[in-house]
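Visitor: I would like a close look at one part of this chain. Please take it slowly and keep to what can be read from the model.

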Amino acid sequence: MKARRLVLCVACYALLPRAGTSAQTPKDTATAEQRPVLLSLPQVDYRPCLQDAGVRGHTLVRLMVDTTGHVEDGSVVVEQSAGTLLDSLAITASRGLVFRPARESGSPVRMAVILPFDFGAGGPAVAPADSGVFSADCVDSEPVLKAVDPVTYPEMTRKRGIAGEALAEFVVDTSGRAEPRSVRMLYAAHSEFAMAARGLVATARFRPARLSGEVVRCRVRLPVVFQFPQGGQRPPPPKRRPNELPPVTVTAYSRLETRWWR
């Protein structure tokens, strides 16, 4: 945990002006006796889970500081991009900054400045399989199951009266399908439940996850519950665990048909 805080602090301090106490100014900006000075650190929504997904980079943002020290509306633009997601975080953080305004002959003047945003500098390496993959608790909207193909209760477990659960983990890609190489079974009460759950995941269709308006890859867990009818009464849904989607239920003596949800 200490290492995580250190990485984020380094990224924040990189936002402070690089030369003395003054913000960087573009080459095409008229000189002034006193350049704008950033008075406080930006509030950047760079979550630890973004660093875990390998979302890192260096963004340069250009903005106009007015004579009151505030950022002029509509003046924030990206000079050097680190990708859509990080650029949007930098732009949002820049809009609320407050400066001591530039001065010329003792009077405040407007001046453009450029601020660097270093995201995840010095963070630990990320495995290639995890790069660009976000956890369900990190995204703004998690994947939503839209359809599943027919699933039959496994015959051997049905005959023996065996009920239970299988828990699958996988990555939902930006098209809404499970990436085949990412699928793994975390738990299964019976090997037949594991096989049936794998088949369900292979054909499932999802509405993909979104983060800051962008469609992204997301790692989720999907419980598949195999149960017997209980006199027409459904048991209460189990409590959801971290990064877990609502369960899919397969009932014995019937078949889970292809279903579509809005």
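Is Val-248 buried or exposed, and what is its relative accessible area?

Guide: Keep in mind that this is a predicted model. Val-248 has a relative accessible area of 7%. The cut-off for buried is under 20%, so Val-248 is buried. This residue belongs to strand S16, which covers residues 248–251. Leu-145 is 103 residues away from Val-248 along the chain, yet the C-alpha atoms of the two are separated by 9.3 Å.

Step back to the loop that comes between strand S15 (214–227) and strand S16, where Glu-244 is found. Glu-244 has a relative accessible area of 5% and is therefore buried as well. Leaving aside residues up to four places away in sequence, Glu-244 touches Leu-167, Arg-221, Pro-223 and Lys-239.

Helix H5 runs over residues 191–203, 13 residues in total. From first C-alpha to last, H5 reaches 19 Å, close to the 18 Å expected at 1.5 Å a residue. Its buried residues are Phe-193, Ala-194, Ala-196, Ala-197, Leu-200 and Val-201. They span an arc of only 165° around the axis, so they sit on the same side of H5. On the face turned away from that buried side are the exposed residues Ser-191, Met-195 and Ala-202.

Note on methods:
Residues are numbered from 1 along each chain as its sequence is written. This is a predicted model: local features need pLDDT of at least 70, side-chain atom pairs count only at pLDDT 80 or more; totals for chains, interfaces and linings use all residues. Side-chain values use heavy atoms; hydrogens and water are left out. Helices (H or I, at least four residues) and strands (E, at least two) are DSSP runs, numbered from the N terminus. Buried means under 20% relative accessible area, exposed over 50%, partly exposed in between (1.4 Å probe, protein chains only). Contact means heavy atoms within 4.5 Å. The expected span of a helix is 1.5 Å times one less than its number of residues. The arc is that of the directions from the helix axis to the C-beta atoms.
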